[in-house]
Every structure is written in C-alpha cells, then in structure tokens.
Amino acid sequence: MDDARAELDEAAAQLETARADLQAGWDEYHAQIAEAETQIRSVVDRLTAAIAQADESAAQLNTAGQQIAQARAEVNAQQQELNSQQQNLNQAQQEIDAQRAALENANAAFLQQINSLQEQIAAAEEAGEDTEALVAQLAGVQGEYDVFMETVYGPGWAQLDAKQAELTTASSQLASAQDRLNSAIAQINQKQAEYDAGAATLAEGRAEIARQQQTLDAARAELDQERSSGAARLEDAAAQIDEQQQTYDDAVATFAEEQKEALAEIDEKTAELDEAQADLDALEAPTYTVADRRDFPGYEQFGDNSTRIDVLSRVF
C-alpha cells in the first residue's frame, strides 16, 4: 500500500512537472510569435514607408517628365521658328547676292561696251578713218553709263548695303537666339539625364520593395506554419498530459477503492483476531492424562491386524 502511494505521488509530481513544462512551452511559443509579429510589423512599416516614398518619387518624376516634354515641345517650336527665320535670312542673302550680281553684270556690260568703242576709235584713228560716228556712239553710251551709275548702280548698291547691314544684324540676333535655344536644350538634356537617373533609381527601389515583399510574404507563411505546427505540438503535449492525468486519476480511484477494501478487510481481520483473542482469553487451564501406547486401544487393534496380514501373505 505504501509502495502504491509512493508511485502515485511520483506520478503526480511528474504530471505537475509536465504541466509546468507545457506552460513554459506555451509562454515561449507566445513570446516567439509576438516577437515575430513585431518584426513583421516593423518590416511592413518600412515597406509602407518605402512604397509611399516610391509613389512620391514617381509622382515627382511624372511631373518632371511632363515639364521636360513641354519644354522640349517649346524648344522644338522655337527651333522650327529659328530655322524658318534662318531660311528667310538665307533667301534674303541670296536675293541681295543676286541683285549685287545683276548690278555688277550691268556695270560690266557698260564698261565692256565703252572699252570696245574706245578700242574701235583708237583703231580707226590709227587707220586714218573717220571716228565721228564712233565718238558720238561712245558719248551716248558713256552718258547712259553715267545715268546708270547715278540712278541705278549707286542707289541700288547703297540699298543693298543697307539690306546687308539689316541682314547681318538679323543674322547676329538669330545666332544669339540659337545660342540661347541651344543653352535651353542643354538644360533640358541635363534635366532628362537627371530624370532618367531618377527613373532608374525608382525602378531599382521598386525592385527592392518587391524583393522585400517576397521576403515578408515568406516570413508570414513561415510564421503561420510555425504558429500552426507549434500550437499543434503543444496541444499534442497537452493531450498526452490529459491522457496521463486520466491514467493517474484512474490509478488514484483504483488505489482508493483497493485501499477501502484493504482497510475493510484489515478491520474485518482485526475484528476476527480480537474475537479469537477473546476466545483464547476465555479458555480455562487444561487437565492432562499421561498414558503409554499400550493403554491406547487402537494400538492393540493395529497389532492384531498386522498379524493377520502376515498369515495371509504366507498363504498366497
């Protein structure tokens, strides 16, 4: 009985230790889950901030891209206007050059005619011929040439010089405008380079966000798996403890029943012993009679029987 009680006490202690270990396991489980959830929330917060920053950068890049596109459209329009103006200047230069050539050709024609008449007059004089008609013709041509020089060549050349000056000024202004436009184009190209670098950085950042999101999703899946498997292990341990508890409770119940029966039997045996002891205590002192075996009738009869058997054996 004492051994059974000791075994029950040992089993109870083991159950208590198991329940304490189980509670410690649950505490560690909840602590690890809470720590993992805290880490995941921290990653989520960083990812949320990174996504917000990426969205803000994307919005800024979008605005910058629109501004660059608008600026390019404006400089393209200005370039087209400058190209048109340059074409006009080129055409005006061609017209001035053509008019100068026309004046020069007319002047050369007069000079050639005058030189030809002068040569003819010289040849006629040398030949002793009459030069009156040639001199009169030369005088007429010279008069026309003088009129040409005074009314056409001189004024026309002066006008062309004025137009050339205006054209030179316009060309200089156009060149300055082109320089300014080229500077604007260079700035736009610089902005475009910055935009491209920003777009590349944004793309890299979004790729990193995607990688971190995959890592986060994997961590969440692992946490869910660990939460499920960890809880399952602990619940299995709890079920085993409950099963052991039931076994212990059954053993305790059996022990209590057997103890009750044993105590009842002990009480019964004790009562019987007490009764027997009472009977013994009630007995009187005995009176003894001393006799040998010959005084015992059965002994004599046993001897007679032995003799008869011996006689019968000799017969057979």
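Which residues does M149 touch, not counting residues up to four places away in sequence? In this predicted model, they are N107, G154 and P155, where touching, or contact, takes heavy atoms within 4.5 Å. M149 itself is found in helix 2 and, at a relative accessible area of 27%, is partly exposed. The cut-offs here are under 20% relative accessible area for buried and over 50% for exposed, with partly exposed in between (1.4 Å probe, protein chains only). M149 and A106 sit 43 residues apart in sequence, yet their C-alpha atoms are 9.8 Å apart in space.

As the model is predicted, local features need pLDDT of at least 70 and side-chain atom pairs count only at pLDDT 80 or more, while totals for chains, interfaces and linings use all residues.

Zooming out, the protein comes to 3 helices and 0 strands, and its elements run α-α-α from the N terminus on. Helices (H or I, at least four residues) and strands (E, at least two) are DSSP runs, numbered from the N terminus. Of the 316 residues in the protein, 16% are buried. Among contacts with a separation of 6 or more, 86% come from residues 24 or more positions apart.

How do two of these helices pack? Two packed helices are described by the angle between their axes and the distance between the axes. The axes of helix 1 and helix 2 come within 2 Å and cross at roughly 170°; axes are lines fitted to C-alpha atoms, for helices over the stretch in contact, and angles run from 0 to 180 degrees between N-to-C directions. Helix 1 and helix 2 are therefore roughly antiparallel to each other, since angles over 145 degrees count that way, under 35 as roughly parallel, 65 to 115 as roughly perpendicular and the rest as oblique. By class, their contact has 71 nonpolar, 27 polar and 17 charged residues. Ala, Val, Leu, Ile, Met, Phe, Trp, Tyr, Cys and Pro count as nonpolar, Asp, Glu, Lys and Arg as charged, and the others, Gly among them, as polar.

Q79 lies in helix 1, which covers residues 2-127, and is buried because its relative accessible area is 19%. Leaving aside residues up to four places away in sequence, Q79 touches Q178, L181 and I185. In helix 2 there is Q159, which counts as exposed at 51% relative accessibility. Q159 and I96 are 63 residues apart in sequence and 9.5 Å apart in space, C-alpha to C-alpha. G198 also has its place in helix 2 and is partly exposed, with a relative accessible area of 22%. From G198 to S57 there are 141 residues in sequence and 8.2 Å in space, C-alpha to C-alpha.

Then there is the largest pocket, with a volume of about 200 Å³. It is lined by 13 residues, and A54, T201, L202, G205 and R206 lie nearest its centre. Helix 1 and helix 2 (132-282) each supply at least two residues of that lining, and helix 2 gives the most, with 8 residues. A pocket is an open set of points on a 1 Å grid over the protein atoms alone, where a 1.4 Å probe fits, with protein on both sides within 12 Å along at least five of seven lines; lining residues have an atom within 4 Å of a point.

Terms used: Residues are numbered from 1 along each chain as its sequence is written. Side-chain values use heavy atoms; hydrogens and water are left out. Grid points are joined across faces, edges and corners, and a volume is the space filled by probe spheres set on the points.
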